[in-house]
Amino acid sequence: MQTIAENGDASSGKQNEEKTYKKTASSAIKGAIQLGIGYTVGNLTSKPDRDVLMQDFYVVESVFLPSEGSNLTPAHHYPDFRFKTYAPLAFRYFRELFGIKPDDYLYSICSEPLIELSNPGASGSLFFVTSDDEFIIKTVQHKEAEFLQKLLPGYYMNLNQNPRTLLPKFYGLYCVQSGGINIRIVVMNNVLPRALKMHYNYDLKGSTYKRRASRKEREKSNPTFKDLDFLQDLHEGLYFDSETYSALMKTLQRDCRVSEMF
């Protein structure tokens, strides 16, 4: 396997080495995610449902999970860590809006070990998928997490006004703190189940600068192509019937207006 260096970039390692991120073993990250989400979502059930207020977007809740356990948390075999939950009530509202029940959310994330995915991108992020293929969990950098927090009020407004939004469905933003290191993660919907056969895979950024798949990437059995490859392979674009096209363009325009706010 490869080893992920402290800055998140991939570096070569021995085949039998476990992946690490910011010098933390991926097994410890996965375990902390499951323990932390299990605690914080379970704790939310005691809080009554109510309308989301502006201040809810800026709340950060924190719990310490020592390896020996405590009155509130179970014992575990990972290093001691602190688990932070950002805007818990707001994200509970988002999950409810997307039809995700707390028990289903917990079962998907916590009942079976998370599955680590390979990352063809240059970000160096770790990606995990739940065993039932429902959710993707991705490590994010500090600036990305800050941007998502800043986006939340506009995201809330967009979901209420534009339920057909094509923006990613965000279900939770968390941070694992251990040994002076912060590992921030976001939980999203998984739109590409592993059982779904993919004929072509394009990672589109809306830019043409250095946006062509490398020779090494092209040699893979299931390569991820980029913007210039898309323009070359599908130079006539994609065709939709008029009704689908109109609905798609309307949704994209609304989503772009939200993005332009930031």
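**Exercise 1. Characterise the surface patch that includes Phe240, and place Phe240 in the fold.**

Step 1. In this predicted model, Leu234, Leu238, Phe240 and Tyr245 make up a nonpolar surface patch whose accessible area together is about 390 Å². A patch joins residues with over 30% relative accessible area and no salt bridge, linking nonpolar side chains (Val, Leu, Ile, Met, Phe, Trp, Tyr) within 5 Å and like charges within 9 Å. Accessible areas are calculated by the Shrake-Rupley method with a 1.4 Å probe, and for residues only the protein chains shown count as cover. A salt bridge is a side-chain nitrogen of Lys or Arg within 4 Å of a carboxyl oxygen of Asp or Glu.

Step 2. Phe240 sits in the loop between helix H6 (227-233) and helix H7 (242-260), where helices (H or I, at least four residues) and strands (E, at least two) are DSSP runs numbered from the N terminus.

Step 3. Phe240 counts as partly exposed because its relative accessibility is 43%; buried means under 20% relative accessible area, exposed over 50%, and partly exposed in between (1.4 Å probe, protein chains only).

Residues are numbered from 1 along each chain as its sequence is written, and side-chain values use heavy atoms, without hydrogens and water. Local features need pLDDT of at least 70 and side-chain atom pairs count only at pLDDT 80 or more, whereas totals for chains, interfaces and linings use all residues.

**Exercise 2. Describe the backbone and the burial of Lys22 and of Asp133.**

Step 1. Most residues other than glycine have a negative phi. Lys22, however, has a positive phi of about 55°, and Asp133 has a positive phi near 70°.

Step 2. Lys22 lies in the loop between strand E3 (20-21) and strand E4 (24-25), while Asp133 lies in the loop between strand E8 (127-129) and strand E9 (135-140).

Step 3. Lys22 is buried because its relative accessible area is 16%, and Asp133 counts as buried because its relative accessibility is 13%.
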